[in-house]
Amino acid sequence: TAAELNILDGVTATATELNYVDGVTSAIQTQLDAKLPLAGGTLTGDLILGDNIKIEVGSASGGDLQIYHDGSNSYIDDAGAGNLYIRGSDMVRLQSITGERYMQGTADGVVSLYFNNSEKLVTSSSGVTISGELATDTLSVGGTAVTSTAAELNILDGVTATTTELN
């Protein structure tokens, strides 16, 4: 229309360039302002990435830290210099999506390891407590190797004596 041509008076653009704005229903700047800025800004919805799309953090090629899902498994990769720290202000717990515990560590407190959601090994200020059977190839108690056989130890089952009394 004549009105549309008057708006374009003095514009130098190809048909392809004009087609880029075909269908724009509001000011282009308004649409651009609504997008998350390249620096700063707050994302207020979910960030959904497809399989094998990595969140890469750091300056190394490919990112020092990568978080991604490959379609079958999920990964947290520390590919940069230094160590990977997983920190919590009071406690760190590794568990399944259903809540079954694997490991739990408490600041200035116990570390617990679980099997089938049952606590099996717990550290404390006095040492370690193990629930269940302990299987080992060698055993050292107080720096002294225990070389007795199972049969020899079974003989002592129920005996209460000091090492001096046993010697």
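How many bridges join strand E2 to strand E3, and in what direction do the two strands run? The legends below start from the whole protein and then return to this pair.

**Figure 1. Overview of the predicted model.** The structure shown is a predicted model. Its secondary structure comprises five helices and ten strands. The protein has 167 residues, of which 5% count as buried. Among contacts with a separation of 6 or more, residues 24 or more positions apart account for 0%.

**Figure 2. The hairpin of E2 and E3.** Strand E2 covers residues 65–69 and strand E3 covers residues 74–78; the two run antiparallel and are joined by five bridges. His-69 has Ser-74 of E3 as its bridge partner. Four residues lie between the strands of this hairpin, and Gly-71 takes a positive phi near 100° there.

Figure 3. Gln-66 is part of strand E2. Is Gln-66 buried or exposed? Gln-66 counts as buried because its relative accessibility is 10%, and the limit for buried is under 20%. Its side chain makes a polar contact of 3.1 Å with the side chain of Lys-54. Leaving aside neighbours within four places in sequence, the residues in contact with Gln-66 are Lys-54, Ile-55, Glu-56, Tyr-75, Ile-76 and Asp-77.

**Figure 4. The hairpin of E4 and E5.** Strand E4 (residues 91–95) and strand E5 (residues 101–106) run antiparallel, with five bridges joining them. Met-91 stands opposite Thr-106 in E5. This hairpin has five residues between its strands, and Gly-99 takes a positive phi near 100° in it.

**Figure 5. Two loop residues with positive phi.** Most residues other than glycine have a negative phi. Asn-52 is not a glycine, yet has a positive phi of about 65°. Asn-52 lies in the loop between H3 and E1. Asp-108, likewise a residue other than glycine, has a positive phi near 55°. Asp-108 is found in the loop between E5 and strand E6 (111–115). With a relative accessibility of 88%, Asp-108 counts as exposed.

**Figure 6. Ser-125 and Gly-109.** Ser-125 is located in the loop between strand E7 (118–124) and E8. The relative accessible area of Ser-125 is 86%, so this residue is exposed. How far apart in space are Ser-125 and Gly-109, C-alpha to C-alpha? The distance is 7.9 Å, and the two residues are 16 residues apart in sequence.

**Figure 7. The loop containing Thr-136.** Thr-136 sits in the loop between strand E8 (127–130) and strand E9 (140–141). A polar atom of the Thr-136 side chain lies 2.5 Å from the backbone oxygen of Thr-138. Thr-136 counts as partly exposed because its relative accessibility is 46%.

Conventions. Residues numbered from 1 in each chain as written. Predicted model: local features only at pLDDT ≥ 70, side-chain atom pairs only at ≥ 80, totals over all residues. Heavy atoms only, no water. Buried < 20%, exposed > 50% of the residue type's maximum accessible area, 1.4 Å probe, protein only. Contact = heavy atoms within 4.5 Å. Polar contact = N/O pair within 3.5 Å; in protein donor to acceptor, adjacent residues only side chain to side chain. Pairing = 2+ DSSP bridges.
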